Amino acid sequence: MTNNSVTLDHGSGGLASQNLISDLFLKYLTSPALSQLEDCAVLDECTCRIALSTDSYVVDPLFFPGGDIGELAINGTINDLAMRGARPIALSLALIIEEGFSLELLEDIIRSIARASTAADVAVVTGDTKVVPKGKADGIFINTSGIGTVSHLHNISGTQAKPGDAVISSGTLADHGITIMARQAGIDISGDIQSDTQPLHQLVAAILEQAQDGVHVMRDPTRGGVASTLCEIAQASKVDIILEEELLPIRPAVRVACELVGLDPLYLANEGKCLVICDPQQAETIVSTMRRLDAGRDAAIIGRVAAGDRGRVSLTTTIGGTRLLEPLTGEPLPRIC
Amino acid sequence: MKCADEFKSRDITTPLLRELAHSLRRPVRIMEVCGTHTMSIFRHGIRSLLPEGITLLSGPGCPVCVTPASQIDAFIAAAGLPDVTVATFGDLIRVPGSRGSLATARAEGARVEIVYSPMDALNLAQQEPERKVVFPAIGFETTAPAIAATILQAERLGLDNFFIIAAAKTMPSPLEVLMSDPELKVDGLLCPGHVSAIIGARAYQPLADRYQLSCAVAGFEPADILAGLLSLVRQINQKTPGVDNCYTRAVPEQGNPRALQLIETVFAQEDSEWRGLGVIPESGLRLRADYRRFDAMTALPITVKPVTEPKGCRCGEILKGQLLPPACPLYKKRCTPLHPIGPCMVSTEGTCAAYYRYSE
């Protein structure tokens, strides 16, 4: 055991825990609510509609082109709140750390969490740390929960897609998924392939300002990708969804990488994109609103909702063929031989 | 690096489709031999665009699908040995043997790593000299040269902790078996692009001659596949069966002599069991005596019990193109992509999985 790694003492609740909290966590995470170190944070937010979401983050590698597990943990939960039209107001942060984990890496992760939280203007207000014996976890696992407030004016939900609606993607697809798969595979793919992790709540706020009741569904297509996410929506709303392959925004480098390792970009994770299903009359306005913001600069209409009660999602291919998109089965596996 | 976008363009495919519809004079049954063709046909929705009268049958060219359960059991048994890491293509992870898969073995604590080439497996063996790394060597002539090159490299490095389970198979012998089956009515073969780049377009000439069978070697983009189908329809119309190489940008007439030499150096042909097709003479690759020490089946205590194919599973007939997946009693009932029973459901390019995923 060295001074450079996390020990079981750090999770004991004793002096080492206190030191870790005061010397590392509070050094970077500075919200008044958190620094009181109470059992819970009390927030002065008073509203009758509250959104609450939680997500756990386990990623290998912990650091990847375009981001790291810390940034992912902040942006991911903020995005889950934003997808219901909520304005995120606070986050919790819980760490499960494997004994022996490098303190230097932990500091890098906490610094990244602080940076992401500051950039998104959503504070971490309460937290917890546990250390488990070596071999009982893989480095570090992070859970964040978030709360937000939701306006009474809209009812955004996966059940609200209507025939005729437009389907919009806020940007390019599969960037995060292919970055992680390539790293795991040790494949060095040149080109600008990096994770797209970013918070989307400001983009969502801008969209809702422009098109208050025109937005019917918002979802961030994380694990399972765009195809699986749209399948869920189509089933929940009892409609069919038709995508146009030609309209899908996919970076050329990502497309080539996917072809190389036999993966389908429609099934790979995104960590900074949202799908918006909206009134077709407002689709162009929403796309141009998105494009004015960095988080939505590659926004595009990618398909439409059609009548149908079987919840089917299909793709009109570049050659005009029809391909049915099913939800992902199991983890995406590279196809080589 | 560019994707072959022009081969996916409607500007090229629409005239090809029009010509195909125009040329078709009678219903034809065409077998696409290669799993990658099957995938591409589904991914691009090609079936939905073909004129009525063209029936596509999926052949025995998906390496995962034709690997017998006993061999999958051997991969799983290897993973269960102490200090052994099985380094495998992702394709194999979910393939069921008689009990479980490499995925379930991994969940139970076995070390199973996904690699993208046999050389990655060798690198793993170098990085972890205290462990034995076993690579399940599946595939056809496309992967065999890389496996052979890896064995030669292991030999040069003097590695004693790198092994393979030799399970690679060769073309076109299963096609010979299929075509000699009087029940199988196939008018033409869409021959595999990648394999042909190694074995050469001429490898199909004996088949064309013996069975008066139209053959077209095709690439994997939509325009490649349509051009291959058009060639087949024209050959069938004109009753001039032969081998038309429609993939000359990748496939030389003679194949790739260097790759063939690599295979020849390391491997010898042997009789091999194909899932659903039975034992086919001289259709598998075993390590030659000089390289036998890399054979995990002799170097490690891997024991496999004889297995029987699952009851009710019709993968054999589906692989032969005699049956379409919905005709199997297990299809979509007990056999689904989440709980596959037969090999055709397991691989993403297996006929049943492809049907399940993409068809109406």
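How many residues of domain 1 of chain A are in contact with domain 2 of chain A, and how many residues of domain 2 do they meet? The model is a predicted one, in which local features need pLDDT of at least 70 and side-chain atom pairs count only at pLDDT 80 or more, while totals for chains, interfaces and linings use all residues. Residues are numbered from 1 along each chain as its sequence is written, and chains are lettered from A and ligands numbered from 1 in the order in which they are written.

Chain A is divided into domain 1 (8–150) and domain 2 (166–325), with bounds that come from an automatic or database domain assignment. The centres of these two domains, taken over C-alpha atoms, are separated by 27 Å. In answer to the opening question, 20 residues of domain 1 of chain A are in contact with 22 residues of domain 2 of chain A; two residues are in contact if their C-beta atoms, placed from the backbone, lie within 7 Å. On the domain 1 side, helix H3 (69–82) and strand S4 (86–98) of chain A are the elements that give two or more residues. Helices (H or I, at least four residues) and strands (E, at least two) are DSSP runs, numbered from the N terminus. H3(A) supplies the largest share of this side, eight residues. By class, the side has 11 nonpolar, six polar and three charged residues; Ala, Val, Leu, Ile, Met, Phe, Trp, Tyr, Cys and Pro count as nonpolar, Asp, Glu, Lys and Arg as charged, and the others, Gly among them, as polar.

Between the chains, 34 residues of chain B are in contact with 23 residues of chain A. Helix H1 (10–23), H2 and helix H16 (351–358) of chain B each give two or more residues to the side that touches chain A. That side of chain B divides into 15 nonpolar, 10 polar and nine charged residues.

Chain B also holds an open sheet of five strands, in the order S2-S1-S7-S8-S9 and with parallel pairing; two strands pair if DSSP finds at least two bridges between them. Strand S2 (54–61) and strand S9 (243–245) of chain B have a single partner strand each, so one side of each is left without a neighbour in the sheet. On average, neighbouring strands of this sheet are turned by 20° against each other, direction ignored. Within the sheet, strand S7 (residues 188–191) and strand S8 (residues 214–217) of chain B pair in the parallel sense over four bridges, and Gly188(B) stands opposite Ser214(B) in S8(B). Helix H2 (residues 35–43) of chain B lies across strand S1 (28–34), S2 and S7 of chain B and runs at about 115° to S1(B). Axes are lines fitted to C-alpha atoms, for helices over the stretch in contact, and angles run from 0 to 180 degrees between N-to-C directions.

Another strand of chain B, S3 (residues 84–88), is mostly covered, with five of its five residues buried; a residue is buried if 20 or more other C-beta atoms, placed from the backbone, lie within 10 Å of its own. Val84(B), Val86(B) and Thr88(B) point one way from S3(B), whereas Thr85(B) and Ala87(B) point the other way. S3(B) pairs in the parallel sense with strand S5 (residues 132–137) of chain B over three bridges, and Val84(B) stands opposite Lys132(B) in S5(B). S3(B) also pairs in the parallel sense with strand S4 (residues 111–114) of chain B, over four bridges, where Thr88(B) stands opposite Ile114(B).

Key: Buried ≥ 20, exposed ≤ 12 C-beta atoms within 10 Å, placed from the backbone.
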